[in-house]
Amino acid sequence: MPIQPRPAGSTEEQLSIIDALIALPFPEQEGKSKTQHGWGGPGYHIAVLGESRDFWDAPDPETVTAAEEELEADLTALVTVLAERWGSPTVVDLWPYLGLDNPDGPDIEAPEPLGSLCNLAGSMQMWQLPSTGRWLGLTIGQVDREFPFELLAAVGETSTLPK
């Protein structure tokens with residue numbers, strides 16, 4: 001059964017979801033565990049904070065751009081609030097986690113949630129969360145061009161980040 005997360009609405013709701021993700025224990029069992037706003041697994045959570053319409057009807061480029069810009073505005077609002085808490089985010093390039101430049105081949109799997117995020121987005125804004133052993137990342141991703149854009153929040157263990 002596909003996971004159908006319920007996106008949040010306002011910035012306040014999105015921040016509430018982020019705060020809950022940070023405090024939520026990670027699932028112990030392998031595989032994806034459904035949550036109210038997304039999914040998780042050992043060492044990570046991912047939540048959908050916002051979602052555009054889908055693009056199955058091949059809309060004009062202006063419609064696609066408008067949908068992405070709306071989520072970009074939501075992302076900017078969240079980054080502004082979170083930067084007041086933890087300082088400016090670090091931009092993390094997600095493309096290397098695809099493994100395409102890996103001399104051992106793309107068969108090396110990236111740790112979650114980076115493995116999922118790199119298939120949806122090119123980069124994320126990330127904060128290491130003091131005294132938690134966790135990090136928070138925000139990005140806008142899309143499964144494929146017909147699917148909606150999604151504003152995503154991910155929480156992972158600090159050990160999954162590159163040294």
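In which loop does Pro-113 lie? In this predicted model, Pro-113 belongs to the loop between E4 and helix H3 (114-117). The peptide bond that leads from Glu-112 to Pro-113 is cis, with omega near 5°. Most peptide bonds are trans, and most residues other than glycine have a negative phi. Ser-131 is not a glycine, yet its phi is positive, at about 60°.

The strands form an open sheet of seven, in the order E1-E2-E3-E7-E6-E5-E4, with antiparallel pairing. Strand E1 (33-34) and strand E4 (90-93) each have a single partner strand, so one side of each is left without a neighbour in the sheet. Strands of a sheet pair through backbone hydrogen bonds. Strand E3 (residues 44-51) and strand E7 (residues 149-157) run antiparallel and are joined by seven bridges; Glu-51 has Glu-150 in E7 as its bridge partner.

Two helices are described against this sheet. Helix H2 (residues 61-86) packs on the sheet and touches E3, E5, E6 and E7, its direction making about 170° with that of E6. Helix H1 (residues 11-23) lies across E3, strand E5 (123-129), strand E6 (134-142) and E7, and runs at about 175° to E3.

Two loop residues may be set side by side. Ser-131 is found between E5 and E6, and Phe-147 between E6 and E7.

| Residue | Exposure | Relative accessible area |
|---|---|---|
| Ser-131 | Ser-131: exposed | 86% |

Together with Trp-56 and Val-143, Phe-147 makes a nonpolar surface patch of about 330 Å².

Conventions: Residues are numbered from 1 along each chain as its sequence is written. This is a predicted model: local features need pLDDT of at least 70, side-chain atom pairs count only at pLDDT 80 or more; totals for chains, interfaces and linings use all residues. Side-chain values use heavy atoms; hydrogens and water are left out. Two strands pair if DSSP finds at least two bridges between them. Helices (H or I, at least four residues) and strands (E, at least two) are DSSP runs, numbered from the N terminus. Contact means heavy atoms within 4.5 Å. Axes are lines fitted to C-alpha atoms, for helices over the stretch in contact, and angles run from 0 to 180 degrees between N-to-C directions. Patches are made of residues with over 30% relative accessible area and no salt bridge: like charges are joined within 9 Å, nonpolar side chains (Val, Leu, Ile, Met, Phe, Trp, Tyr) within 5 Å. Accessible areas come from the Shrake-Rupley method with a 1.4 Å probe; for residues, only the protein chains shown count as cover. A salt bridge is a side-chain nitrogen of Lys or Arg within 4 Å of a carboxyl oxygen of Asp or Glu. Buried means under 20% relative accessible area, exposed over 50%, partly exposed in between (1.4 Å probe, protein chains only).
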